[in-house]
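The sequence and structure come first.

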Amino acid sequence: MSSKLNSNIPKGDLRDKWSQYKSEIALVNPANKRHIDIIVIGTGLAGGAAAASFGEMGYSVKAFCFQDSPRRAHSIAAQGGINAAKNYQNDGDSVYRLFYDTIKGGDYRSREANVHRLAEVSRNIIDQCVAQGVPFAREYGGYLDNRSFGGVQVKRTFYAKGQTGQQLLLGAYSALSRQINAGTVKMYHRHEMMDVVLMDDTTDAKRGKVARGVIARNLITGEIERHSAHAVVLASGGYGNVFFLSTNAMGSNVTASWKAYKKGAFMANPCYTQIHPTCLPRSGDHQAKLTLMSESLRNDGRVWVPKKKEDAIAIQQGKKTALDIPDADRDFYLERRYPAFGNLVPRDVASRAAKERCDAGYGVNGTGEAVYLDFKYAIERMGAKAVESKYGNLFQMYEKIAAEDPYKMPMKIYPAVHYTMGGTWVDYNLMTTIPGLFATGECNFSDHGANRLGASALMQGLADGYFVIPYTIGGYLSKDIRTGSIPTDTPEFDEAEKTIKERINFFLSNKGSKSVDYFHRKLGNIMWEECGMARNEKGLTQAIEDIKKIRADFWKEVLVPGKADEYNPELDKALRVADFLELGELMCRDALNRNESCGGHFREEYQTEEGEALRDDENFAYVAAWEFKGVDNKPELHKEELVYDNVEMKQRSYK
Amino acid sequence: MNFTLKIWRQKGAKDSGQFVTYPIKDISSDSSFLEMIDILNNQLVEKGEEPIAFDHDCREGICGMCSMYINGHPHGPENLITTCQLHMRSFKDGDSITIEPWRSSAFPVIKDLVVDRSAFDRIIQAGGYVSVNTGNAQDANNIPIPKTDADKAFDAATCIGCGACVAACKNASAMLFTSAKVSQLALLPQGQVEAKARVENMVAQMDKEGFGACTNTGACSAECPKGISIENIARMNREFIKAKLSSENV
């Protein structure tokens, strides 16, 4: 392991690590908590839950979100559900099984200790949410209902129709609102974090430079604000929007974690991107974002393309429709290739299989980039009414966008960028390589390895926010009880503010000829083509050069209208895209370095004869953590070896 | 498709605004309403003009951020969708389309089509929660909840807080929004302990924010993109009367 990386995993048996550690961790007494400030960036499941929990514990909290209300964070869009090892279905589920499924689903590229802790606290999450009044789906007896999700053989997913993320987020938002009312949390909405500020630790010189605050921008007035704290928690989400088109919200961005990276927080496994198999296909150049259809649809829908090339061509040309293809001429390729899991294989496997068929010429729309998800068989088996009660809202959503009735005509779907497993490197305490800077939820890298299982993002966000960081942050803050409040009139704050003001002034005075979106689209195209579902050495090498060129062009030609001291969404975008243009290059470098295929990272050079991902455990069973060395310099790679004491590393098989 | 857009432009909260007309050409019928505004904005930016400010984020009808008053209807002519889910195939080629921000004094305009909806947050902060600290919960299946109650609570809880109900109401009343949260928690056993204080405090905050009174017109529910039922207002009124009859806040 690199000398700069210490995962701080507690010793002892895997099953006891967390409970043992929790009982030994240093505490901050209630009278001292009042005098300790914590900043939380982002109010999704991880940030909202963390800010609310810190407030309940008595810390003095400042929470920031760029949306007009903390309730709008993108966690709200998660549809399908949240996993928990409750075993309410009596189908053999357990903490160990959830742990094992997650490790295997992540293709043996995540940390055993973190994942086991996640599986343990999963059960508390459901209890907490029900106590908050989250209206999960129930059976007629009044008990909670479950459904199954990809990559597992038990029913452990709790859900609230197709709006599970919304209900969980509103639960966290209500807990947060309660603390805002109580005065423990001060909420800054329509604020974006522009930089993290580091200072020398005055109480413990051994810690060196520690995170002591942020620079934030008020998006309405444009004012640059200084906020100090004893610790900063990033909960700013994933960076899927580097692809321009993704299922992320339009405002989702990497800026908070990228600024942290540039100040010394390592970025881990940035190339691990989840491409979700069931999204609506692209329809044209006007498109600004892609829409996801819940994975739960694969419980009852069957995925297929025509067996005969001539049928596929006729469909692409609009001469035939799905209804003209008899059952015998349909290729249910997931059931054919993966009989054990069928249509419920994990997301990475399902996405690649769709791409494989479409690349071979069997796509089923004008662009040749779509496959069918067919409910005909489910309707025959259980009737249209039952299908409607399970998926009614999703069918309605599909019909609104695609203008086709999915009860009559199979849905057309295609993979799209959805989630990023990579992110800011954190140790077992969720602390980054900058002391006092923590990262939670999608913005850290820790629990999903190279591929995340469905319904596990909500679980991880809430686990981090409610049940992990409230404990682990105390261990760090216990050394800050004598520090006193942190001043903001320091050279470090001056410097950070000056840098960001210069950047803003640059954008507004550049007067180039192209809009921010022009560059973002160009970057997105390269990322999708070369660093998307399939990657290879040649493409990645070229992509790195191409991204550098776009970046140079951007700084020459970008045009941002308006002023700095007003509501100016084009300026917000420019500041975000500038960071995406640097991140894209790092993702390609990481993908190029990883000479193996694992989970969502598929290098064409490394595959089995059957086209499955071929891992290289001997050389790549490590976390690649990158250290920033300057925008135009190569970053330095640090390796955290992954040790598996409790599971055997196998080729992942869903056959 | 070609359209004539009449869009409300307003520099800031204290400035007066006006409609500005923009012709737009060659829009695909598959394009979403907001994608059409994106296209217009890119054209404006490249001409060096200021783009139209509008709120939007998830673009899949769930975050509640988008908020356009289109041809006299919040979220446009179709039912049960948000502005971001509206597609241009819902209009005819050559149509004139009028776009305004939400109109309510409790939602002041920030710029163009962007309004300040923080009044909704303050209503929730006044009591829209169950006071349970992290880690206090018992096992989730200890209290069975009848499915019909859970389903009704869920239906109320699907409110996205967009404010269309206020925009649709001639009195700019926030009764549908407030009652959706009160109802959700009133229907669940977890919400009972604080039921009285909750409804009193939330209604008081709603009045303080300057939202108008409810006259049971039903426009809120008819225009709600999530179909939140007006039944929730009736339930909140019952909760309110129940609370007031035994209130200690006299």
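Buried area is the accessible area, taken with a 1.4 Å probe, that two parts lose on being put together, summed over both. By that account, domain 1 and domain 2 of chain B bury about 1500 Å² between them, and domain 1 and domain 3 of chain A about 3500 Å². The model is predicted.

**Domain layout**
- Chain A is divided into domain 1 (17-272 + 421-480), domain 2 (275-418) and domain 3 (496-620).
- Chain B has domain 1 (3-110) and domain 2 (117-245).

**Domain 1 and domain 3 of chain A**
- The C-alpha centres of these two domains of chain A are 25 Å apart.
- Contact involves 39 residues of domain 1 of chain A and 44 residues of domain 3 of chain A.
- Carbon and sulfur atoms give 60% of the area buried between domain 1 and domain 3 of chain A.
- On the domain 1 side, Phe243(A), Phe244(A) and Cys271(A) lose the most area to domain 3 of chain A, together 19% of what that side buries.
- Eight salt bridges are found across this interface of chain A, along with 18 residue pairs in polar contact, both residues being at pLDDT 80 or more.
- Strands S6 (191-200), S7 (209-218) and S8 (224-228) and helix H7 (255-262) of chain A each give two or more residues to the side of domain 1 that touches domain 3.
- H7(A) gives the most to that side of domain 1 of chain A, with five residues.
- Lys262(A) and Glu582(A) are joined by a side-chain salt bridge (2.8 Å, N to O).

**Domain 1 and domain 2 of chain B**
- The C-alpha centres of the two domains of chain B are separated by 29 Å.
- In chain B, 22 residues of domain 1 are in contact with 21 residues of domain 2.
- Of the area buried between the two domains of chain B, 57% is on carbon and sulfur atoms.
- The interface between the domains of chain B has one salt bridge and six residue pairs in polar contact, both residues being at pLDDT 80 or more.
- Arg117(B) and Asp55(B) form a salt bridge, with their closest N and O atoms 3.5 Å apart.

**Nonpolar cores**
- The largest nonpolar core has 143 residues, of which Phe54(A), Ile82(A), Phe136(A), Leu234(A), Ile473(A) and Phe211(B) touch the most other members.
- Helix H12 (457-477) of chain A gives the most to this core, with 11 residues.
- Beyond four places in sequence, Ile473(A) is in contact with Ile38(A), Phe54(A), Tyr59(A), Ala231(A), Val233(A) and Phe438(A).

How values were computed:
Residues are numbered from 1 along each chain as its sequence is written. Chains are lettered from A and ligands numbered from 1 in the order in which they are written. This is a predicted model: local features need pLDDT of at least 70, side-chain atom pairs count only at pLDDT 80 or more; totals for chains, interfaces and linings use all residues. Side-chain values use heavy atoms; hydrogens and water are left out. A nonpolar core is a set of buried Ala, Val, Leu, Ile, Met, Phe, Trp, Tyr and Cys residues joined through side-chain atoms within 4.5 Å. Buried means under 20% relative accessible area, exposed over 50%, partly exposed in between (1.4 Å probe, protein chains only). Helices (H or I, at least four residues) and strands (E, at least two) are DSSP runs, numbered from the N terminus. Contact means heavy atoms within 4.5 Å. Domain bounds come from an automatic or database domain assignment. A salt bridge is a side-chain nitrogen of Lys or Arg within 4 Å of a carboxyl oxygen of Asp or Glu. A polar contact is a pair of N or O atoms within 3.5 Å; within protein, one must be able to donate a hydrogen and the other to accept it, and residues adjacent in sequence count only if both atoms are side-chain atoms.
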